[in-house]
Amino acid sequence: MSDRLAALTVRGMAIVLAVFHLYTGYFGAFYPYVQRAIPVTLSVVIILLTIPAIKSSVSKDGKRHVDVVSILLALAAIPAFGFIALYSEYLTTRWPLTPTFAPTPLEIALGVTAGVVLLEACRRVMGPVLVIIAVLAILYATLGNLIPWRTVAHRGFTALQVLDHMYLTQEGLWGSALGIAATYIALFVIFGAFAEKAGTSGALVDLTTAIAGHLKGGPAKVATVSSGLVGSVTGSTVANVYTTGQFTIPLMIRMGYRRPMAGAVEALASNGGQIMPPVMGAAAFILAAYASVPYTQVALASLIPAIIYYAGLYWYIHLEAEKHGLSGLPLAEKPSVLSVLRRSGHLLLPLVLLIGLFTYGLSPTRSAFIAIMSTVVVSWVRADTRMGPREILAALERGGREATMILVICATIGFVIGAFTLTGLGLNISSALLSLSGGNFVLLLLLVGIACLVLGTGMNTVAAFLLVSVVAVPTLREQGVDILVANMFVFYAALLSHITPPVCLAIFAAASIANTSSWETAFEGLRMGVIAYLLPFLIVFYPSLLLKATPLATAIDVATVVVGMMSITVAIQGWLCGRLGLIERLWAVIAGVLLMWPTVPSTMTGGAMAMALFVWTWLRQTRNRPVVEDSA
């Protein structure tokens, strides 16, 4: 296939994929099999024709030509997945895993083809890790009865039964994870593409620069705020790093920040965008479905934790600026808020509208559709932001392309979830974790958190959340943890894989822009991200942070957690009204831990210790400050 024909095919299919989701966003979703099969078909073909089987497979002229194997796999994908859409009514009424409705030779051939093609597409877009996990899940479902360890062994299923469950039911490939992606997530990915094309990201960066750019350490504070706002629209950590980092990281370096520090600030700020309402990350929609609550409740519940997350980053940056005497932007370089609003304030209206629609109670799909349409309309206010037919097609193409990865990942995760539902492995692992923790709830949380980090290595948040939630949520539910809190714990813990070595995709992206060592940036991120690592545990001990308490109790708990967070950050930075010694830093750590421990005596003791430390350092700084005599 020629390069031009392949490019036109991919572009056309990406636009069709985006239009399909826009259509269902307004008119409503099709039957589940149809709603899921059509996007997967388009996504797999796009990936196979876009990403080479081997990354280095380029011709002598430096261009990549679509190879015959990719073309054959793409052609095979059409009947393999199209069969599901074509015979959706039959699949809905059949009885799975019964001799009467045993898979026919055609269904077996199409099922095997669908599995091979999907796994290859996933390997190209995500690498081998998730594919290996999916293959192991299929092998476990087929051969798990041969495992001698009774805790994880099962009664056994034939290969035909496994294929039936994975391919011909809504428990495997076509499961709830893909359903959420094909119904909700793709629409918000398309919204992010339209917002990016219209210039919303640039408007947010300009606005935060106008507000905070002149403050001490201003560029880093701008990166924190702008990356959180932009990340709420894009819903992707790495994409957010490349979007705002191109501006914020060089600016931070120019104003005196160390390169690893600049990269770490951008990586952590971008990562937090996935917990920042109103849009959050793609995994938030899956979380809402798994927790059986409206998405608006998830967004509201995440508001206080997101504020605490960014308050922790802001405080760390402020102490860094105080310690090293870092200044903000010169006033001459800082735009005024009014000028930014006059120039590009109209581009922020779709975000305001989206929040209003959520608050009003409109469905996420209809809200996303209206937000996308309003983005086009408001872009016409000024000639330099106006989206014409060419820009609209480009946004549709970009949104369709970006949605393919989420759709393929969710479909592949279906193999893992299908293995758990078929064999009951989730309950077995849950029992094993409970046994390993010895009934210690804190140790159990640590084990689940470690599982999130390990399983999330090298994956995006959606994949990490889906993999871990199957095991972790039932485990936490058995300990009496609220279903929303349990899902939020896994969601926040899964986010940590982006900033945790050795495979920390957000850190790698930021370090490449900062032109510095990934390991130095990762180490800086670990120091800076202590609050991010504590946040999953805090929402379990303080459900009030998710608005599950009275306003008074919520206010007290928020104040306690924030002061504790500030105290621990002071210990890490070694600075509060001046440089701190080792004993003072240890004092600050103990004060922070006591403040965050959910008992009244410990929080009162920690609060008293934190206040004593502040008074002590302030008096010492005042006493050591040189006296300026009046020359008159």
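This is a predicted model: local features need pLDDT of at least 70, side-chain atom pairs count only at pLDDT 80 or more; totals for chains, interfaces and linings use all residues.
Entry 1. I then picked the pair of tyrosine 26 and phenylalanine 369. Their ring centres are 5.1 Å apart and their planes stand at 45°, so I noted the pair as tilted. An angle between 30 and 60 degrees is what that word needs.

Entry 2. I checked where the two residues sit in the chain. Tyrosine 26 is in helix α1, residues 3–27, and phenylalanine 369 is in helix α18, residues 364–379.

Entry 3. Buried or exposed, what is phenylalanine 369? I found it buried, because its relative accessible area is 16% and the cut-off is under 20%. Tyrosine 26 has 38% relative accessibility, so I put it down as partly exposed.

Entry 4. I turned to phenylalanine 441 and phenylalanine 541. Here the ring centres are 6.4 Å apart and the planes are at 85°, which means the pair is edge-to-face. Phenylalanine 441 belongs to helix α21 (residues 441–455) and phenylalanine 541 to helix α26 (residues 530–541). They are 100 residues apart, and this pair too links distant parts of the chain.

Entry 5. I looked up accessibility for these two rings. Phenylalanine 441 is partly exposed at 24%, and phenylalanine 541 is partly exposed at 25%.

Entry 6. I went back to tyrosine 26 for its surroundings. Tyr26 is part of one aromatic cluster with Phe20, Tyr23, Phe27, Phe30 and Phe369. I also noted arginine 366, which lies over the face of tyrosine 26 at 4.9 Å from the ring centre.

Key
Residues are numbered from 1 along each chain as its sequence is written. Side-chain values use heavy atoms; hydrogens and water are left out. Rings of Phe, Tyr and Trp (its six-membered ring) pair if their centres lie within 6.5 Å; planes under 30 degrees apart count as stacked, over 60 as edge-to-face and the rest as tilted. Helices (H or I, at least four residues) and strands (E, at least two) are DSSP runs, numbered from the N terminus. Buried means under 20% relative accessible area, exposed over 50%, partly exposed in between (1.4 Å probe, protein chains only). A charge sits over a ring if NZ of Lys or CZ of Arg is within 6 Å of the ring centre and within 35 degrees of the ring normal.
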